[in-house]
Each structure stands twice: as C-alpha cells, then as structure tokens.
Amino acid sequence: MLVRLPVLPSTIAEMNLPKAFLLKGLAALLFAMLSACVRFAAEAGVPLGQIVFNRAIFAIVPVLLICAWQHKLIEAVRTRRPLGHMTRGLISVAGMFLNFAALARLPLVDATAISFAAPFITVALAALILGEHVRIYRWSAVVVGFAGIVVMLWPYLNLSRYGPGGAATVAATVGVVCGLLSAFTNAASIIQTRRLADTETTSSIVFYFSMYCALAGLATLPFGWVWPEPAALTALIASGVIGGLAHIFQTSSYQYAPASLVAPLDYTTMIWAFVLGYVLFGELPTLYVYAGAIIVAGSGLFVLWRERQLGLRRRLEIDGPRA
C-alpha cells in the first residue's frame, strides 16, 4: 500500500475510516517501537548524540523514497519559509535530546506516559501564542491531565523515597525532568508546525526537521562516538526508518478522517510500550503509572469527545437539520 505524503489539508477529501484507523494504529505501534530502539541503543552504551544522528538521518530515507516514487522529490526541499523550518528544527533538536535522555533513564512505559503531557501543554500554548479560544471544558481537562501526570511522577517527587532502598533514584529523577521538558518542547514544535502547515508540505516539514536534528547529532561526534555492536547498530538504523514511517503514517491518517476520530488511537502507544518494556527489558509499571495513565487518557479522550460534539453542533447550525 502506497502511503501518500500530503499537503496538510484543511478538509477531508475522502472519508475512509478503516484506512485512517489502520494508519493511525500503525503509527502508534511504530512510535512505541522507536522508543524501544532508542532505549536498547542507550543501554548498549551508544552516546546520546550518536542516537539522535542515526534517528534523524535514517528517517529521511522513507520520506525521499516515497517522494521519488511519486516524482515529487522537489517538494521535500522546496520551502517558502526557511527561517520557520529553522525555528522548528531548533525546538525539535532540544526535544529529541531530552526525550532520548528520558528514555535512557526511565522504564519505557513511564517515559511514554510522561510524553502525553504534551497535548495538554499544546492547549495552553495554542491559547497564549496562537490566540485560539479555549473553552472551560478543555481547560478543565488540562488541569485533570496534569493531575494524572503528577500521580505518575509521585515516586520521583516524594523525597522520602530517596536514600538506601528508596524507589526513586537521582538518575530516574533526571529522566523525569528531561521527559517533562521534552513534553514542553514537543508542544512548542506542534505550535510551530501549525504555523508552517499553511504554506509547507508534509514532506518538507519532515525533511527539514530530520536535517536539523541530524546536524545537531553530528556536532557531537568530537565528544566520542562508538562503533556499536551489530544489535545496537540495527537498533540505530531501525529507529530512523521506523520514526520516519511513523510520522508519515500519522500524517496520512488525517487525510481520511477527522482528527477527533483517529486521535484516541494515540493512547494505544502506552499499551505497546508496556508490552515492549516487559518483553524486551523485563519492566513492569507501578500502580502510580497505571492510575496516572488512566487519568491522563480519560481527560484526553474527554477533550476529543467534546471537540467532536462541538464540531457536529457547528455543522448542524450551518447545514440545518436533516429530514
């Protein structure tokens, strides 16, 4: 099946729910696999900058291959807003380093769950930066969602749990801080992507994002890269290819159905992270993670349901009741 790289559309040209759900579900699985590859490479002793470089450089491969297949290679490099891409690139570089630092220090499902703070931060930034009107329901969901994040992080925030035999460690707490900062940068990246989507194609956004991250990773070469073992090298290459495909599938899913319908599948990433964390690393989440993840997912799903209801109401007001 050929996956198209669309210009981010403002309308759904062809409603196809099975295809939208399949693409979004595959993207959720691939993002969890990407995190597992990063975690594996980090445990194998690969430096963070080297992981970032491989993740970025090999993500360009599927983008260019699909563009070449469609005879649209020029769309991957054509841009009317180079400074906008640079801004997003710098934000994304910080986010990728922080996210990978969190994955190297936390259980896979913990790091994945913390990353779901990004949608709530995006709501706040959209109101402050883009001037979007945010209703009380969404603000309430943001507050509840952050409460869920606090529940998940409680073992790391409770100072009494430090010390001999404590559940929290300094390294894990550093991972939590990196994960939260990564969520902020991811939210800022989403805001910048919304700005770019008015004039830029998906392929150019992904291409320049990957280029800036690759250059930032390459800049760490003088600080000591390693020649990884075959398994770690495979994980490095896979992280890039899988990451590139995940972004393509995720973007393409919104061609065939409204975001409010397919976005809930994002939360299946936590399920896949739980499975991969247990199978590959023998990790089991704490009760805090279970409870917090339910709160976060519930508040996020409420926002999506509410937006869906408002969308149906607006459509009814425009089209009028149907017989």
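Which residues in α4 meet which residues in α9?

**Ground rules**

I am working with a predicted model, where local features need pLDDT of at least 70, side-chain atom pairs count only at pLDDT 80 or more, and totals for chains, interfaces and linings use all residues. Residues are numbered from 1 along each chain as its sequence is written, and side-chain values use heavy atoms, with hydrogens and water left out.

**Overview**

I counted 13 helices and zero strands in the chain. Both are DSSP runs numbered from the N terminus: helices are H or I with at least four residues, strands are E with at least two. From the N terminus on, the order reads α-α-α-α-α-α-α-α-α-α-α-α-α.

Next I looked up burial. Of the 323 residues in the chain, 47% are buried. Buried means under 20% relative accessible area, exposed means over 50%, and partly exposed is in between (1.4 Å probe, protein chains only).

Then I checked contacts, meaning heavy atoms within 4.5 Å. Among contacts with a separation of 6 or more, 86% join residues 24 or more positions apart.

**α4 and α9**

Back to my opening question. From α4 (residues 82–105), the residues are P82, H85, M86, R88, G89, S92, V93, M96 and F97. They meet S204, I205, Y208, F209, Y212, C213, A216 and G217 in α9. By class, this contact has eleven nonpolar, five polar and one charged residues. The classes work like this: Ala, Val, Leu, Ile, Met, Phe, Trp, Tyr, Cys and Pro are nonpolar, Asp, Glu, Lys and Arg are charged, and the others, Gly among them, are polar.

The axes of α4 and α9 (residues 202–218) come within 8 Å and cross at roughly 55°. Axes are lines fitted to C-alpha atoms, for helices over the stretch in contact, and angles run from 0 to 180 degrees between N-to-C directions. α4 and α9 are therefore oblique to each other. The cut-offs: under 35 degrees is roughly parallel, over 145 roughly antiparallel, 65 to 115 roughly perpendicular, and the rest oblique.

The crossing of α4 past α9 is right-handed. Right-handed means that the near helix is turned clockwise from the far one by less than a right angle; anticlockwise is left-handed.

How many of the residues of α9 are buried? I found 13 of its 17, so α9 is mostly covered. I also checked its length. At 1.5 Å a residue, α9 should span 24 Å, and its end C-alpha atoms are 24 Å apart, which agrees. The expected span is 1.5 Å times one less than the number of residues.

**α1 and α4**

α4 has another partner on my page. α1 and α4 pack at an angle of about 65°, with their axes 9 Å apart. They are therefore roughly perpendicular. α1 passes α4 in a right-handed crossing. S35, V38, R39 and A42 of α1 make the contact with F100, L103 and A104 of α4. I sorted these residues into five nonpolar, one polar and one charged.

I followed up S35, which lies in α1 (residues 17–43). Is S35 buried or exposed? Its relative accessibility is 12%, so S35 counts as buried. Leaving out residues up to four places away in sequence, S35 touches L103 and L108.

**α5 and α12**

L108 turns up again here. The axes of α5 (residues 108–115) and α12 (residues 268–281) come within 8 Å and cross at roughly 160°. That makes α5 roughly antiparallel to α12. The crossing of α5 past α12 is right-handed. From α5, L108, V109, T112 and A113 take part, and from α12, T269, M270, A273, F274, L276, G277 and F281. This contact has eight nonpolar, three polar and no charged residues.

I checked α2 (residues 48–69) for length. Its 22 residues should span 32 Å at 1.5 Å a residue; the end C-alpha atoms are 33 Å apart, which agrees.

H71 is found in the loop between α2 and α3 (73–77). Its phi is positive, about 60°, although H71 is not a glycine. H71 is exposed, with a relative accessible area of 75%.

**A126**

A126 is buried, at 1% relative accessible area. A126 and I190 are 64 residues apart in sequence, and 9.3 Å apart in space, C-alpha to C-alpha.
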